[in-house]
Amino acid sequence: MDVDRRALAIACLFFVAAGIAAYHAHAADEAIIEDVYQETMFYQELENGAVQCGICFRECILQEGEVGFCRNRKNIAGALYNVVYGRPSAVQIDPVEKEPQHHFLPGTRILCIGTAGCNFRCRFCHNWTLSQRDIDTVGRTLVKPPEAIIREAQDADIPSISFTYNEPTAFYEYAYDTAKLAQDAGLNVIFHSNGSMNPEPLRALLQYTDAATIDLKAFDDSFYREVTEGRLDPVLRTLEIIYEEGVWLEIVNLVIPTLNDSPEDIRAMCRWIREHLGPEVPVHFNRFTPAYRLSTLKPTPIETLEMAYDIAREEGLEFVVIGNVPGHRKNSTFCPECDAVLIERHHFTVREYRIDNGGCPDCGRKIPGRWR
Amino acid sequence: MRSQNTGQMALSPRLRTLAIAPVIGIVGAGGIMAQVLLVREFILAGGGNELTMGVVLANWLLLEAIGAYLGERPSRDTTTVPRYVRLLMAFSILLPLTAILAHPGPRLLFGIGPGESVNLAVLALSSLVITAPVSIVHGATFPAACRVLEELHIKRAIGYTYLYETLGTLLGGVLLTLAFSARVEKMEVVLAIALGHLAASLLVYASLSPRRNGAPRKAYMLLVGIVLLLLFTVPQVATAMTGISNQLRWTRGTVLESKDTPYGNITVLQHLGEKTVYYDGEPTLTAPNPDTTQAEDFAHIAMSAHPDPARVLLLTGGLGGMARAILAHPIDQLVYVDVDPDLPGILSGMECTVLEDELSDERLHIEHQDARMYVSREKATFDLIIVGFIDPTTLQSNRLFTSEFFASTRSRLQQDGILALSIDGAPAQMHPGLIDLNASIAASLQQAYPYSTIIPGERNILLAGQQPLGLDTHLLTERLGERDADPGFMDAAYIAYRLDDDRKTRLEDSLSASTAGINLDMHPRGLYYALAHWGAMFSPGAASVLQRIERVSLRWLVLPLLGVAAVLALRRHHPRTRRHAITYAIWTSGVAGMAFDLLILFVFQVLYGFVYSMLGALMAGFMVGLYFGGHYGVGVAEEEAARRIFLFFEVKVLLLLPALFLIANALGAHIAVIPQAAVFGILFLFAAISGIGVGAQFPLAATLVSGRSSEGVAGPLYAADLMGGWLGGLVIAILTFPLWGLLGTVVLLIALKASSLFGLLVSVGEVKIHGSGAP
């Protein structure tokens with residue numbers, strides 16, 4: 001057989017093998033669709049079998065077989081599916097202070113759920129083993145439909161469920177269905193998000209949400225683009241919507257030395273919070289510690305955190321906390337009126353709880369939040 | 001003697017040879033010294049991982065091969081001398097620039113921001129790019145020197161060039177080791193090398209160029225002037241070079257101090273009101289407010305796991321919080337062991353209350369020794385041995401996570417004593433690479449101790465003992481309270497959270513599902529899994545590739561080698577096959593040569609943990625062998641003798657491979673009783689013996705293949721040698737040693753050399769070989 005015919009035979013064999021593999025892959029997808037995948041709630045069908053996701057600001061346009069930036073939404077036969085529905089990678093009980101939520105049932109525990117994937121690429125993510133992976137490479141996953149999550153919380157006598165560890169936007173449908181069931185069961189719902197959800201799905205989820213912790217990573221869009229591959233504007237929009245909907249809101253700013261610690265930006269951020277939200281929204285300035293790809297950057301100087309704290313108070317924010325510095329006095333909650341200690345905290349442990357009837361025990365000032 | 005062309009006096013051939021020989025030696029010395037210095041800089045860029053050594057050395061060899069190939073091209077000048085002079089001058093200019101860029105280079109080239117880690121792929125690529133100019137130039141000097149010698153009518157020019165260069169390499173290695181011992185600044189050494197090459201270039205120009213109008217006298221005067229000028233300014237220029245390099249590396253903050261010790265690099269960086277100490281590029285401590293949360297968590301849990309600890313041993317990575325937490329308990333003594341005597345001195349000047357409390361406590365006793373050696377050789381026993389915050393990300397640190405080390409701690413512990421260590425975990429769930437790492441360490445611990453437990457967290461805590469551990473929240477809380485240890489945030493609720501059974505069960509289930517193997521000294525699987533974990537941060541694909549490679553059996557790599565031998569056998573009557581077989585043998589000897597070099601360095605690092613200061617000396621040992629082997633090989637002029645001796649050395653290299661394995665294991669088993677000097681001597685001697693075989697083969701191959709001229713031969717042969725070294729360096733450093741250990745690596749190399757030996761036997765046979773390969 002001469003070279004040309006031999007090459008042609010090999011090429012034919014290759015294409016046949018590829019076709020068989022593609023058929024089986026498609027068949028496998030279809031089998032999984034029936035069992036696990038959940039059609040997503042917010043998307044548009046486009047021409048030629050393409051779809052456009054509507055969950056977050058990216059609004060990925062996906063051709064057949066493609067997966068979105070978050071790694072969790074896949075176009076299968078012209079429909080968009082969430083591939084992590086009911087497949088959490090982490091289900092754990094944590095103190096609510098770890099969320100962090102300081103004004104929502106302090107001292108109680110929360111059942112935390114995370115899956116895989118994220119629509120950001122933060123170089124300092126502490127949960128990168130979940131957020132920067134897809135469901136197939138994350139390692140162990142569980143099978144827990146929403147009802148199972150509710151049962152687990154009830155069995156452990158946990159009053160609240162939290163969607164955290166990785167970005168809830170990436171597993172929106174799972175979070176939504178679970179939140180709905182949780183509310184029916186009398187459980188509280190919290191989520192911790194990067195704030196990138198689009199308004200429509202956000203408002204839909206907020207109907208079943210009691211509290212939200214939103215990361216405001218910087219007040220500089222270039223930081224968002226360069227260090228997280230995100231955007232600032234969607235986050236600001238999210239904050240306004242949450243506040244408007246009356247869901248309890250707390251904001252976290254992880255202060256990363258040399259990257260987002262400029263006093264001017266911090267002041268501008270605090271001013272925006274006061275003017276667009278309200279001075280009663282708690283703001284956490286958390287200390288950065290080396291993690292993930294930022295493993296050789298030093299931790300945040302305490303001086304920087306205290307500077308941020310002072311700026312926030314100068315700008316009129318009433319509840320400002322320094323986090324990730326166990327033993328720091330400003331980890332506790334103080335009355336904005338008389339400066340009395342309301343909740344003495346050491347790391348995630350509540351040492352003393354003094355809120356009396358939703359207010360300061362010393363001067364009577366009403367303290368916003370959900371108290372036990 | 002008068003030149004007919006110019007009518008001017010010319011140097012006699014003997015004097016010209018005497019001039020060129022030391023120049024070639026200087027090139028050899030400069031090469032090895034440059035390699036070692038640049039390796040250290042790139043290791044620093046990569047966070048101290050010694051596997052970078054193999055990558056950087058391999059890249060250097062690849063680039064030298066390219067330089068040798070390019071240097072083979074005919075010169076436009078009537079002689080090769082002008083080209084040789086230009087190459088030497090170029091090296092003297094390029095080396096200082098390369099030295100400045102080596103450490104900050106990976107970040108600059110790839111736009112890596114401050115604080116971001118540099119992965120191995122970036123290191124590999126950037127070392128290739130940054131060292132390319134200087135190493136290509138260095139490689140091109142070899143064929144140029146061969147031509148120069150031929151123009152001087154020196155017979156067997158290739159062999160003699162190899163010989164002189166190897167001799168220079170040997171001297172360079174020894175000089176460098178002495179320089180490190182004398183704490184000479186690295187940039188001063190770089191400048192000395194550059195000056196040497198500059199002087200060499202002028203010497204060649206003055207001695208060998210055709211004379212015109214008194215040029216040699218002027219050249220000599222210029223030489224003396226330049227050398228004197230630069231000699232007097234070396235310290236200042238070196239300081240400026242270090243400053244520029246540091247400024248390029250540390251873009252946010254001010255470098256207060258940067259010091260190279262025999263064990264690593266210590267840099268102190270100031271930003272706003274805080275100072276951070278970096279050890280080999282990794283942040284170790286921030287003052288005045290170190291982050292002590294994890295250190296306190298670990299220390300208090302470990303201490304309260306023991307009913308009544310009196311004497312505690314803390315091994316490395318423990319100042320700045322952990323020691324203070326331990327000393328908060330009512331113990332009698334805390335012995336802290338850290339190999340680098342410079343570190344506590346630098347830390348004590350940091351104005352940090354935590355450090356001051358630790359260093360001023362009378363119960364603290366600091367030992368400046370390698371932690372592993374201390375445990376092996378000391379007779380004292382302790383209630384607790386705590387391994388500070390390190391991870392098995394380097395060969396040096398992996399030694400504190402192996403089954404052999406854990407076994408050695410048993411004799412240092414009281415009957416109810418506890419060994420405590422920690423390793424990277426995850427807040428929510430660990431990915432497969434991290435699970436394998438934890439599983440490997442846990443399994444290694446279980447081999448040494450009957451009772452062990454693991455406590456999940458951001459750092460998983462592993463505890464082990466000869467008696468049941470019996471941890472529970474109530475017990476630990478009670479002990480902390482009784483001891484008045486002031487554990488801060490660690491109240492009963494926190495401890496209950498840390499000891500949560502569900503989390504522990506989930507972690508144990510993950511670990512039991514892993515197929516990770518035991519971590520051993522000469523089979524550092526912990527390092528492999530740590531590399532996979534590190535790689536997973538940058539490329540999930542790369543991490544999963546590493547996991548799949550782990551499942552590949554060694555035999556699948558041996559099969560292709562048999563295939564090569566089979567091809568050579570089948571084509572043995574083809575005119576070019578004989579040259580190909582010899583070139584293949586040189587290539588495999590290049591691999592083996594690099595393997596001997598690296599494996600000896602790795603073995604030394606595993607045994608002692610401070611290979612950097614001995615890097616030059618150990619490489620020089622191999623060069624000793626290369627020199628004597630080369631000298632012997634050059635002296636064999638007759639082709640039939642060359643063929644027989646070539647085959648003899650092929651067999652010798654093959655037999656030395658299992659010998660290396662046996663020697664390494666014997667040394668490891670008796671390291672506690674064998675003096676360090678004796679171990680060094682044994683490894684040095686072995687390196688020399690292995691170098692003989694590799695060194696002799698090159699000139700013998702040249703004799704077999706080249707006939708009368710080195711043209712078209714020197715370059716390809718040298719390139720084959722260097723390419724073999726390149727591949728060997730990469731594969732052994734990144735893959736075979738961490739993955740298959742010393743034994744697996746040796747087996748693979750035996751298969752490689754066996755394939756080349758077989759190819760030689762069937763193709764070289766009784767037939768004489770000349771230039772084009774005609775029978």
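This is a predicted model: local features need pLDDT of at least 70, side-chain atom pairs count only at pLDDT 80 or more; totals for chains, interfaces and linings use all residues.
Local features here need pLDDT of at least 70 and side-chain atom pairs count only at pLDDT 80 or more, while totals for chains, interfaces and linings use all residues. Residues are numbered from 1 along each chain as its sequence is written, chains are lettered from A in the order in which they are written, and side-chain values use heavy atoms, without hydrogens and water.

Let's start with the overall build of chain B. Its radius of gyration, taken over C-alpha atoms, agrees with the globule rule (2.2 Å times the number of residues to the power 0.38), because 775 residues would give a compact globule near 28 Å and chain B has 29 Å. Some values for the chain are gathered here.

| Feature of chain B | Value |
|---|---|
| Box along the principal axes, C-alpha atoms | roughly 100 × 60 × 45 Å |
| Contacts (heavy atoms within 4.5 Å) at a separation of 6 or more that join residues 24 or more positions apart | 77% of contacts |

Now for a closer look at one helix. Helix 15 (a DSSP run of H or I, at least four residues) spans residues 403-410 of chain B, and its buried residues include Phe405(B) and Phe406(B). Among the elements covering the buried residues of this helix are strand 9 (413-424) and helix 16 (432-448) of chain B; strands are DSSP runs of E, at least two residues.

Finally, the interface: 45 residues of chain A are in contact with 42 residues of chain B. Arg293(A), Thr296(A) and Lys298(A) supply 18% of the area that chain A buries against chain B, where buried area is the accessible area (1.4 Å probe) that two parts lose on being put together, summed over both.

Note on methods. Buried means under 20% relative accessible area, exposed over 50%, partly exposed in between (1.4 Å probe, protein chains only).
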